[in-house]
Amino acid sequence: VMGNDCYGLWLYSPKGTLYRSQIGSDVGECEVGQGSREAGLPVMHLIPDRAWWIAAWFAEKISVDICTPPTLIDGEWCYTDLELDPLAFSDGRVVIEDEDEFAAACEAGLISIGEAAKGRAAATEMKRCLRHRTEPFGRLGWDRLDEALCMSLPPIRSLRHVATAQ
């Protein structure tokens with residue numbers, strides 16, 4: 001935990017930190033910031049209070065996951081990914097990725113009509129904030145990441161066992 005302010009809770013994941021995801025009963029782990037890379041990256045996360053998104057700063061990119069409002073359950077942050085991903089790149093581009101996945105999930109009934117409306121509104125607002133570099137998407141997130149990197153913290157490699165959904 002790196003702090004809590006008017007924007008929300010700031011969490012830092014040093015390079016090599018593990019991340020757990022669950023889809024149905026399938027639980028997987030990878031390194032935070034890994035994506036299709038061989039290894040993860042250091043990442044600064046922002047979890048706003050009761051918002052329909054979480055944000056991450058890493059590798060000259062800000063990534064926003066549109067999701068149900070994150071909740072802390074037994075020490076683990078949980079949310080449902082609504083597929084839409086606003087991204088801001090260092091070259092100034094701002095896009096929303098995975099529109100096709102969002103549409104497919106809505107069509108399949110995996111995302112309710114209410115969730116779809118809230119998710120679409122959140123994605124539109126986040127794209128605007130990223131484009132205009134409205135804080136915390138201006139310098140603040142990058143400054144927080146720089147501060148955390150200077151701490152040389154070890155990665156979190158041991159995750160508590162969490163029972164899978166039945």
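**Entry 1: a pair of helices**

I began with E99, which is partly exposed at a relative accessible area of 33%. My cut-offs here are under 20% for buried, over 50% for exposed and partly exposed in between, with a 1.4 Å probe and protein chains only. This is a predicted model, in which local features need pLDDT of at least 70, side-chain atom pairs count only at pLDDT 80 or more, and totals for chains, interfaces and linings use all residues. I number residues from 1 along each chain as its sequence is written, and side-chain values use heavy atoms, with hydrogens and water left out.

Next I looked up R120, which also counts as partly exposed, at 31% relative accessibility. Which kind of contact do the side chains of E99 and R120 make? They meet in a salt bridge, 2.8 Å from N to O. E99 lies in helix α1 (residues 99-107) and R120 in helix α2, so the pair ties together parts that are 21 residues apart in sequence. I take helices (H or I, at least four residues) and strands (E, at least two) as DSSP runs, numbered from the N terminus.

**Entry 2: the other salt bridges**

I count a salt bridge when a side-chain nitrogen of Lys or Arg is within 4 Å of a carboxyl oxygen of Asp or Glu. How many salt bridges does this rule give? The count comes to 7. One of them joins R50 to D49, with the closest N and O atoms 3.0 Å apart; R50 and D49 are both exposed.

I also noted R139 with D146, where the closest N and O atoms are 3.9 Å apart. D146 is partly exposed at 40%, and R139 is partly exposed at 45%. Through shared partners, R139, D143 and D146 are joined into one salt-bridge network.

**Entry 3: aromatic rings**

For ring pairs I use Phe, Tyr and Trp (its six-membered ring) with centres within 6.5 Å; planes under 30 degrees apart are stacked, over 60 edge-to-face and the rest tilted. That rule finds 3 aromatic pairs. W10 and W57 have ring centres 5.3 Å apart and planes at 40°, so I log this pair as tilted. W10 is in strand β2 (residues 8-13) and W57 in strand β6 (residues 53-58), so the pair links parts 47 residues apart in sequence.

W57 lies in β6 and F137 in the loop between α2 (113-132) and α3 (140-149), so the pair ties together parts 80 residues apart in sequence. Both W57 and F137 are buried. I note one aromatic cluster formed by W10, W53, W57 and F137.

Why do I call strand β10 (residues 85-89) largely enclosed by the rest of the structure? I do so because 4 of its 5 residues are buried. Two strands pair, in my log, if DSSP finds at least two bridges between them. Strand β7 (residues 61-66) pairs with β10 in the antiparallel sense over 3 bridges, and S63 faces L87 there. Strand β11 (residues 94-97) runs antiparallel to β10, joined by 4 bridges; here L87 stands opposite V95.

β10 and β11 form a hairpin with 4 residues between them, and G92 in the turn has a positive phi of about 100°. In a regular strand the side chains alternate between the two faces of the sheet.

**Entry 4: a pocket**

What lines the second largest pocket? Its lining has 16 residues, of which I62, A88, F89, R133 and W142 lie nearest its centre. β7, β10 and α2 are the elements that give two or more residues to this lining. On a 1 Å grid over the protein atoms alone, a pocket is an open set of points where a 1.4 Å probe fits, with protein on both sides within 12 Å along at least five of seven lines, and lining residues have an atom within 4 Å of a point.
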